[in-house]
Each structure stands twice: as structure tokens, then as C-alpha cells.
Amino acid sequence: MPLHDPDHAQDANPLRAEQTHLAESRSALTAMRADVEALDISDVTGNWVNAKILAAEIDNRIKALADLSHTPLFFGRLDYLHAPGVEQAEGAEGEQFYIGRRHVHDAHGDPMVIDWRAPVSQPFYRASRVEPMDVRLRRRFGYTGGELTAYEDEHLTDPAEASTSSKLLQTEIERPRVGPMRDIVATIQPEQDEIVRAGIGGTVCVQGAPGTGKTAVGLHRVAYLLYAHRERLARTGTLVIGPNKSFLQYIEQVLPALGELQVKQATVDDLVAHVTVRGTDPAERARIKGDARMAEVLRRAVRSGIRMPKEPIVVVRGSRRWRVPAYELEELVRELMERDIRYGAAHEALPQRIAHNILVRMEESGEAPDDRVQDAVARNPAVKAAVKGVWPKADPAKTVLRLLSDAEFLAECAEGILTPEEQATLLWEKPPRSLASAKWSPADTVLIDETLDLVQRTHSLGHVVLDEAQDLSPMQYRAVGRRCSTGSATVLGDIAQGTTPWATASWEEALTHLGKPGAPVEELTRGFRVPRGVIAYASLLLPTIAPGLAPATSVRESPGDLVIRRTSAEELDAAVLAACHDALGHEGSIGLIAADDRIAPLAAALESAGLPYLAPGEETSAQARLTLVPATLAKGLEYDYVVLDEPAAIVTGEPDERTGLRRLYVALTRAVSGLAVLHAKPLPEELAAGPA
Ligand SMILES: Nc1ncnc2c1ncn2[C@@H]1O[C@H](COP(=O)(O)OP(=O)(O)OP(=O)(O)O)[C@@H](O)[C@H]1O
């Protein structure tokens with residue numbers, strides 16, 4: 001594929017024509033924005049609330065139409081052989097489309113740039129020589145600082161043209177990283193595009209090695225779905241779930257850059273934050289709390305308040321007394337228990353059922369009661385008292401508190417589900433005196449969320465993207481699943497990067513917990529981040545941490561710099577600082593990754609050496625390029641150069657060796673251009689042989 005640049009005389013004109021189209025598209029976008037800004041809504045809004053809503057929508061539209069000078073308005077062009085939709089008709093003329101981040105039209109409404117998500121844009125990502133999709137020419141544009149400076153052509157239907165890889169794609173992938181994550185809209189690969197454009201009806205799960213673009217694909221998928229199903233998703237909502245706040249900060253600018261400003265982001269902990277977390281669980285206890293069997297224990301706990309009526313209900317109205325015998329009440333209760341409705345809904349329904357029963361008696365004795373009478377009977381103190389006795393209100397937090405503090409109650413609810421040892425592990429050593437003094441752990445909040453859902457149905461969104469899914473417990477999958485029970489999900493993860501004691505071992509199982517059993521599992525294996533030499537080194541850990549998973553290949557041309565250096569314990573900090581200095585000699589961001597308990601000493605060392613550093617999530621810039629990253633926060637992030645401090649400390653920082661090695665695998669796979677490993681203690685034996 002020839003790369004054209006303006007220095008070649010014969011290319012000067014086509015390039016100039018493209019530059020002109022860019023300039024005209026920019027003016028058209030400015031005009032579109034001016035039109036929206038000039039809208040006078042005072043006539044159409046009617047009232048204050050409507051005016052506010054409309055003004056906010058217009059405001060968003062203006063923001064979405066902003067011309068971001070550092071993001072090119074279009075990045076590709078497709079020349080179709082025939083106008084799309086015209087079935088290869090004789091004489092039908094080909095059409096030309098510029099593909100960009102958003103739709104731009106001229107004053108007549110004719111398109112100047114087509115949204116990358118539109119159906120006519122799809123061949124830009126998918127067409128090949130084998131299947132040209134009616135495309136004669138695919139052109140990719142190269143930019144330098146916002147200026148269109150080059151282009152690259154593929155004549156897909158020309159058998160004489162050789163197929164070569166794209167230089168522009170290569171440049172994009174190899175570019176040094178600074179700042180937060182960027183969109184990949186100009187270079188989405190065919191296997192990624194399949195996932196991005198999968199239908200909204202189905203849940204998709206993606207297993208992918210580090211750097212294969214899972215996060216990027218998930219974010220572009222939301223943008224695609226919002227385009228294809230805008231109204232539906234505006235009503236139902238979308239959500240991106242990530243592992244922690246710094247990760248969410250790292251990805252938060254991708255969707256706005258694609259013109260999507262409304263997508264919410266949260267961690268799983270945010271979703272279930274019904275109470276304040278002030279406690280933690282030892283690993284084994286957290287594992288049991290996260291086990292799917294807890295769902296049935298909680299169901300029993302909620303229903304344990306139901307008592308079969310022993311007494312009849314007697315309702316006095318005027319001079320008459322109406323009696324519902326206990327056995328009929330029991331029938332009503334049993335019927336509600338068997339129906340698939342929430343505990344709280346049944347609590348609301350029972351008084352009405354009882355009142356209905358009395359109404360039928362009234363009719364049988366010749367009265368003609370109406371609905372108001374039924375409501376009045378349902379509110380009668382005798383009915384209320386009876387309902388309180390047989391189907392009391394449930395308080396989710398109190399129910400969980402009782403389960404974790406009352407051994408007898410736990411035994412009753414967990415009978416046949418949890419072993420006596422497991423029950424003993426669950427119980428608080430010192431039960432709190434009240435709800436207010438309870439030291440809830442993160443796992444407890446998930447139990448409360450499950451209980452809340454037993455009482456009252458959780459609102460479901462239209463689509464949820466779940467990133468770094470491999471770390472969720474079954475109970476956390478259930479919590480996420482509730483939030484897309486009537487919608488769909490994109491589940492992204494890597495079994496080899498699971499660093500919780502309950503990490504996912506099988507996606508099929510995880511999808512079942514999520515409530516989407518049988519969803520397809522796709523695999524991405526082409527790595528866009530980690531260079532060949534580095535991924536090969538990190539992959540030495542794979543047979544131990546995830547037997548059966550294939551190592552990623554790297555699409556990066558450069559094999560990457562890989563340095564592994566042993567020092568004495570005394571010299572380690574100085575060696576790490578020297579490696580940081582070396583790394584700062586290169587362009588791009590630098591991540592110093594270390595075991596969590598090495599962070600404080602390394603911070604002190606950096607300070608005394610006068611090396612300024614950032615915390616993860618803080619934006620790197622050309623001035624501030626070094627981030628000090630605790631290993632537990634490294635997941636999902638990437639840095640141009642990574643300096644990795646003492647792998648052995650990262651491994652021993654985790655409760656078991658497998659988790660430790662997986663944490664190390666995450667740390668080893670953050671580098672885009674180079675990795676320097678500094679160690680005083682021996683490396684794990686898997687790595688001892690060193691790079692190939
Ligand atoms: N098609 C592509 N074109 C250009 N860059 C890409 C492409 N796909 C992915 N990348 C880049 O590769 C890097 C890794 O992508 P991403 O973070 O989405 O991978 P991941 O699979 O989520 O990794 P991890 O498992 O480590 O979290 C990012 O910088 C991303 O922008």
C-alpha cells in the first residue's frame with residue numbers, strides 16, 4: 001500500500017483536494033453548531049421544566065458538535081462501485097463517503113462526513129480483497145497535529161495491487177502514549193468490529209490477552225449501540241463498569257471524544273453502595289460471601305419472616321362482622337409464596353387479596369361493594385395487623401446483619417447449603433449492637449444488594465459493559481446481572497489476569513451467574529499494546545496461572561526493550577531510580593509499578609531524588625510523565641515504559657502464589673515500548689530462564 005505525502009509532486013493535487021474537503025467540512029460543522037446555538041426555544045417550550053430539559057439537550061448537542069482540533073474530523077474515505085442500496089444496477093454511479101467521528105452535512109443537508117457507526121461506514125473496517133463489499137477504494141488519512149498530511153489507498157477490487165499492511169495503522173499503534181486512553185475509531189480491526197457491531201439483543205463475552213483491545217472494544221460498542229438504538233437506550237440507560245476509580249478516570253474521555261456524553265461509569269462497589277463500607281473480610285470469608293449459594297441462603301432469610309396464619313381475621317364494618325378463616329388465609333399466603341413475585345410486592349398484594357376475599361363474602365350475602373370498599377377493607381386495622389404477623393416487611397440490611405450475627409438463624413437459613421465450618425467462618429467475631437455500628441465489608445454490600453432485590457426488583461438498564469470481569473465473585477456477577485436483566489451486556493476479561501481468590505475460572509459459569517447463560521464467548525489474541533519480546537517474557541507465567549490459555553501475539557513491529565537487572569538489596573532503590581531516569585529519556589509516559597508495601601519507600605526515594613510523580617488516574621502530560629503505580633491498581637492501565645520493582649514482593653503481597661503470579665503477569669503486561677525489571681530477590685522460577 002503506497003503511502004502518499006505532499007513531497008511527491010504527483011500526489012500534491014489529490015492531497016490538496018482532500019485538505020479542501022477537510023476545510024469545507026470544518027466550516028460546515030461550525031455552521032451546524034451555529035444553527036443549534038441560534039435556536040430560539042422560547043416559543044416551543046411551554047413551561048419551565050420543558051425549557052430546562054430542552055436547553056440541556058441543546059447544550060449537549062452543542063458540545064457534541066465541538067470541533068476538537070486534535071481529533072481529525074474524518075479519517076477515511078470509501079469509494080463505492082455502486083451507490084449503496086442500488087443493487088449493482090447497470091449504470092448506477094459509485095458514491096464517495098468520508099468516514100469520521102460524527103455526521104457533518106452541508107447547508108443543503110448533503111453529507112460531508114458520515115458517522116463511523118453508520119451502515120455505509122462498515123466496509124471501512126471489514127472490507128477485504130476477498131470480500132470487497134462493493135468498495136473500489138479505501139483511503140486512510142494521516143494527520144500531523146490536526147493537519148491532513150498523508151493518505152494511503154487500497155484498491156480492493158484491483159487484482160494487480162498487492163496486499164500490504166497499513167503504515168498508518170502501524171504508526172497509530174506504535175505512537176508513544178501520554179494522557180488518558182484515546183479512541184481507536186480510525187483503526188478498529190475486523191475481529192474487533194464484529195464485537196463492536198454485534199446486535200443489541202445479545203450479550204457478548206470477550207476473553208482476551210493483555211492489550212488485545214477489550215476495553216477499547218467495549219467502549220466503542222457502547223458508542224455504536226447508542227447510535228443504532230439511540231431512543232431505546234436514552235430511555236433505559238447504559239453503564240460502563242470498571243475495576244476502580246483510577247481506571248475509570250483513565251477511560252473517561254473516550255466516549256465524550258466519540259460524541260457520547262451520557263454514559264455512566266461505575267465500579268461494582270459503587271453499584272451496591274447501600275451502606276458505608278468500614279470493614280474487610282479475610283479471603284476465605286469473602287469467598288463464601290461471594291459464593292452463589294449465598295443467594296439461596298438470603299432467599300430463605302427473607303422468607304423466614306413468613307408465618308402461616310393461626311387465627312381467623314375478623315373485620316367489623318358497620319353492624320356486620322366478616323370473618324376469613326385461618327385455612328383460607330393460609331391458601332392466600334401459599335399462593336403468593338409460589339408466585340414469582342418479589343417479597344415486597346407480595347407484602348403489598350396480601351391485604352388486597354384478603355380484602356377481595358371479604359368482598360366476595362359481602363357479594364354472596366347480597367351487598368354490592370365497589371373498589372373503594374375493597375381499599376377500605378385492605379386498610380382495616382385487623383387486616384393490617386394480620387399481614388404484619390404473617391408477611392412482615394423485610395429490611396435488607398437488618399436481614400443480612402442478623403444472618404451474620406445470629407448463629408441459630410444462619411444455621412436455619414443455610415441448612416443443607418453451607419457446611420457448619422462455612423457458617424462459622426461467616427459469623428462476625430463481635431456482632432455489632434446496631435445497624436449503625438456494623439462494620440460492613442465490600443462483600444456484605446453485595447449481600448445487601450441481593451436481599452434488596454429479593455424484596456424489590458432492581459431497575460434494569462438497556463446495556464451494561466463489564467470490564468475486567470474476571471475478578472468478580474458469583475454474587476457480584478448476580479448484582480451486575482440484575483442491572484441488565486431486561487437488557488444486554490458486554491463482558492470483557494482475561495482469566496489469566498484474575499487476582500481475587502474467587503476469580504472466574506470459566507466464562508460459561510460466569511455468564512450463568514450474570515443471568516445470560518449460553519452467551520457466545522469470543523477470543524481476541526492480537527495484542528496492540530505489549531511488544532513481542534515483553535509479551536513472550538510475561539507469557540512464561542501462563543502455563544502456571546492459566547493453563548490452556550494461548551499467549552497473545554503482538555502486532556507491534558518493534559520487539560520492545562526488555563531489561564532484567566539484579567542488584568543487591570541495598571542498591572535496589574537506586575537502581576530503580578536510575579531506570580526511571582533512563583525511561584524519562586524516552587518520549588511518552590512512564591509507570592513505576594511496585595508491590596503496594598513498596599510504594600511508600602519508593603515515593604520517599606523519588607522525592608529525595610527530586611523526581612516528581614503522579615498517582616494512577618492522574619493525567620500524565622508532557623511535563624508530568626512518571627506515575628508511581630501500586631501493583632493492585634495497575635490493571636487495565638498502560639505506560640510507554642514500565643519500570644517494575646521487585647517482582648518477588650508483588651507475588652508475596654497476595655494471599656496465595658497463583659494470585660501473586662497473576663498480579664505479576666498484569667504488571668508485566670502494561671508496557672507499550674519497554675520494560676525494565678529490577679530485583680534483589682530471586683525471580684519466580686517460571687521467569688528464571690529469562691527472555692528468549
Ligand atoms: N485497533 C486498534 N488500533 C489502535 N490501537 C488499538 C487497537 N486496539 C487496541 N488498541 C490499543 O491497544 C492498547 C490496549 O487496548 P486495551 O486497553 O483496550 O486492551 P485490553 O485488552 O483491555 O488490555 P488489558 O487486558 O491489559 O486491560 C490501547 O492503547 C488501545 O488504544
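The ligand lies between domain 2 (190–273 + 457–527) and domain 4 (532–688), because both domains give residues to the shell around the ligand; the domain bounds come from an automatic or database domain assignment. The model is a predicted one, in which local features need pLDDT of at least 70 and side-chain atom pairs count only at pLDDT 80 or more, whereas totals for chains, interfaces and linings use all residues. Residues are numbered from 1 along each chain as its sequence is written.

Around the ligand stand 22 residues, of which Thr187, Gly213, Lys214, Thr215 and Phe528 come nearest (a residue is near a molecule or strand if its C-beta atom, placed from the backbone, lies within 6 Å of it). The shell comprises six nonpolar, eleven polar and five charged residues, where Ala, Val, Leu, Ile, Met, Phe, Trp, Tyr, Cys and Pro count as nonpolar, Asp, Glu, Lys and Arg as charged, and the others, Gly among them, as polar. At least two shell residues are supplied by each of α4 (167–174) and α6 (214–228), and α6 gives the most, with three residues. Helices (H or I, at least four residues) and strands (E, at least two) are DSSP runs, numbered from the N terminus.

An open sheet is formed by five strands with parallel pairing, in the order β18-β22-β21-β19-β20; two strands pair if DSSP finds at least two bridges between them. Its edge strands, β18 (561–566) and β20 (626–630), each pair on one side only. Neighbouring strands of the sheet are turned by 15° against each other on average, direction ignored, with axes taken as lines fitted to C-alpha atoms. Strand β18 runs parallel to β22 (residues 671–679) and is joined to it by six bridges. Val563 has Ala676 in β22 as its bridge partner.

Notes
Axes fitted to C-alpha atoms, helices over the stretch in contact; angles between N-to-C directions.
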